[in-house]
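Subject: Structure handover

Hello,

Here is the structure you asked for. Please open it first, then read my notes below with the view beside you.

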Amino acid sequence: MALADYFPRDALAISQVLQGFDTDTFTEELEGVRVAIAFDEEAATSRDGRYLLDLSVRLAARLYPSLTFFPVSARAEFPDDLIALAIRINPNIETSKSGNAYVALSVGVHAPAVDAPTVHAGCDGWVATVGTEGPYSTSDLGNPFGAGFAACIAAANLFRFLFLPDGKTSLDTDASFPPDADSFPRLVASNLTDPLVLFGVGAVGNSTAWSLARTPLTGQIHLVDPQVVELSNLQRYILCARSDEGGIKVDIAGQEFGGRLRALPHKEALASFLEANGYRWERILVALDSAHDRRAVQASLPRWIANAWTQLGDLGVSSHSFLGQDACLACLYLPSQKSKSDDQIIAEGLKIPQFQTQVRFLLGNGQATGKEICDAVASAWGIPTKNLDPYANRPIRELWVEGICGGGIIPLGEAGPAPRELQVPLAFQSALAGVLLAAEVVIDVLTGGARRKTLLRQMDVLSPLGELSPQPALKAGTGLCICEDDDFVATYRAKYMAEEEIPVGVGLGQVD
């Protein structure tokens with residue numbers, strides 16, 4: 001067995017995108033998969049090539065049980081560094097420098113040919129090139145974004161090839177991303193006069209930190225998240241090794257920043273951070289899970305926000321000012337209809353709606369689920385009552401999350417679509433959202449905020465890349481959002497209006 005011990009989380013994520021998912025069948029199939037990573041001297045010695053390979057290994061080692069590395073006379077230590085990285089992520093993984101492969105990722109024009117279907121990846125500054133018609137070269141510009149995009153999109157192609165029913169015929173052939181990269185500013189050394197704030201250092205936030213730590217920005221970034229790393233997080237937290245279970249998220253992410261951009265970790269929720277550090281922020285990055293928290297960030301009235309998300313079917317990034325006709329962040333997350341309460345969702349999900357009052361009580365006080373509820377759930381699902389025994393002394397939310405949604409007592413996929421808050425993206429989906437988020441703020445810094453308007457970039461990497469140009473979004477005009485409330489608008493103007501016509505403070509210089 002070479003699968004990671006957090007593989008059940010991978011299985012849960014995959015069960016949400018594969019119809020008819022069966023854990024045993026999938027596990028048996030996956031254990032036979034050998035993935036090759038081939039690369040040439042240019043990829044192994046250029047900064048951007050190394051970024052691409054680094055992120056590719058961070059993604060692949062979390063799912064695949066066997067990686068084979070085919071370097072072309074690269075520096076002797078670099079392939080070993082990649083192998084060591086893979087083992088830190090999954091100590092059970094099998095690695096080698098020769099052997100057969102079922103599918104290959106090839107980086108660089110002169111990478112060794114592998115006798116297997118191959119997805120090629122390369123990068124040139126901001127631009128990723130991915131497809132079966134490669135090979136592609138790698139630049140040496142110190143720009144992590146094209147490399148990061150390429151690693152994520154290539155990982156998505158490998159996944160599609162291996163597991164999706166039409167995957168072998170739906171690979172990217174010669175894709176270039178982003179399509180509007182010609183309009184991006186050149187990445188040069190830049191001094192932040194105001195610190196950045198990143199709310200949420202989970203899967204998306206990990207990737208954002210990975211990207212920003214490799215830019216030539218100089219200044220400070222506040223990392224804000226109250227949680228520690230759980231075993232299940234390792235499935236898609238690209239900065240985390242297996243040994244990081246139990247570690248503090250912001251501290252682990254903060255260790256990535258060893259350069260000119262200095263991380264300031266805060267193990268606390270966004271409300272307490274804002275209370276302690278004030279409410280005037282030039283740029284806030286949002287990598288949070290809930291609509292409620294996103295609305296709360298917007299309500300704190302930072303001058304500008306970039307927001308990333310993943311959900312079943314797509315991922316994306318948006319950027320927002322507050323005034324004018326453009327949608328603010330809260331506009332995108334206004335409830336469109338009356339939503340169910342937690343106790344109603346869980347009671348219905350457990351198939352015991354007649355116990356909704358008891359479920360509400362248990363959620364409120366955190367007491368153990370108890371045998372009566374467990375027996376009712378077993379009866380409703382038609383399974384032996386002994387299968388519920390492990391949950392009788394645990395909170396009812398754990399029975400719902402782990403037992404039903406996580407496949408603990410019923411096979412994955414049989415509980416129906418997971419509620420949005422319990423959806424588990426694949427690692428490359430979260431990583432791509434995080435790289436997009438980091439790119440958004442770097443572009444804003446490099447342009448001094450001169451291009452600000454609400455734009456959404458939305459994409460589905462479980463299909464070939466299509467037309468992915470960012471799209472505008474306007475306020476709804478219903479008067480329901482805070483950006484149409486006179487008091488909020490007045491408060492925002494009082495904070496920033498005197499500076500509205502002044503480009504956001506940033507000093508630019510040449511990258512060194």
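Start at W210. A polar contact of 2.9 Å joins its side chain to that of D54. Keep in mind that this is a predicted model. W210 sits in helix α7, residues 203-212. Is W210 buried or exposed? W210 counts as buried, because its relative accessibility is 0%. Leaving out residues up to four places away in sequence, W210 touches Y51, D54, L55, R58, P144, G148, I238, L239 and E256. I87 is another matter: its C-alpha atom is 19 Å from that of W210, and the two are 123 residues apart along the chain.

Now the charges. How many salt bridges does the structure hold? There are 16 salt bridges. One of them pairs the side chains of R242 and D5, at 2.9 Å from N to O. R242 is in the loop between β10 (217-224) and α8 (249-254), while D5 is in the segment before α1 (7-15), so this pair ties together parts 237 residues apart in sequence. R242 is buried, at 19% relative accessibility. The cut-off matters here, because buried means under 20%. D5 is partly exposed, at 40%. R242 also forms a salt bridge with E245, with the closest N and O atoms 3.0 Å apart. E245 is partly exposed too, at 41% relative accessible area.

Shared partners also build a network: salt bridges join D54, R58, R214 and E256. Elsewhere, R452 and D444 meet in a salt bridge of 2.8 Å, N to O. Both of these residues are buried.

Next, the nonpolar interior. In soluble globular proteins, nonpolar side chains tend to be buried together. Here the largest nonpolar core has 122 residues. Those with the most contacts inside it are F39, Y64, W126, F149, F159 and L212. Take L212: beyond its neighbours within four places in sequence, its contacts are L217, I221, F257, L261, L285, A438, V441 and V442. A second, separate core has 29 residues, among them V286, L301, A327 and L456.

A327 leads us to T454. The side chain of T454 reaches the backbone oxygen of A327 at 2.6 Å. T454 lies in the loop between α16 (427-446) and β15 (455-459). T454 is buried, at 1% relative accessibility.

Last, the rings. The whole structure has 14 aromatic pairs. Which kind of pair do F7 and F26 make? Their ring centres are 6.4 Å apart and their planes are at 5 degrees, so the pair is stacked. F7 is in helix α1 and F26 is in helix α2 (residues 23-31), 19 residues apart. F7 is buried at 8% relative accessibility, and F26 is buried at 4%. F322 and Y492 make a tilted pair, because their planes are at 35 degrees, with ring centres 5.1 Å apart. F322 is in the loop between β14 (314-320) and α11 (329-332) and Y492 is in helix α17 (residues 486-496), so the pair ties together parts 170 residues apart in sequence. Ring pairs also link F7, F21, F26, F159, F163 and F428 into a cluster.

Two lysines sit over rings. K475 lies over the face of F322, at 5.9 Å from the ring centre. The charged end of K351 sits over the ring of W381, 4.0 Å from its centre.

Best wishes

Note on methods:
Residues numbered from 1 in each chain as written. Predicted model: local features only at pLDDT ≥ 70, side-chain atom pairs only at ≥ 80, totals over all residues. Heavy atoms only, no water. Salt bridge = Lys/Arg side-chain N within 4 Å of Asp/Glu carboxyl O. Helix = DSSP H or I, 4+ residues; strand = E, 2+ residues; numbered from the N terminus. Buried < 20%, exposed > 50% of the residue type's maximum accessible area, 1.4 Å probe, protein only. Core = buried A, V, L, I, M, F, W, Y, C linked by side-chain atoms within 4.5 Å. Contact = heavy atoms within 4.5 Å. Polar contact = N/O pair within 3.5 Å; in protein donor to acceptor, adjacent residues only side chain to side chain. Phe/Tyr/Trp six-rings, centres within 6.5 Å; stacked < 30°, edge-to-face > 60°. Lys NZ or Arg CZ within 6 Å of the ring centre and 35° of its normal.
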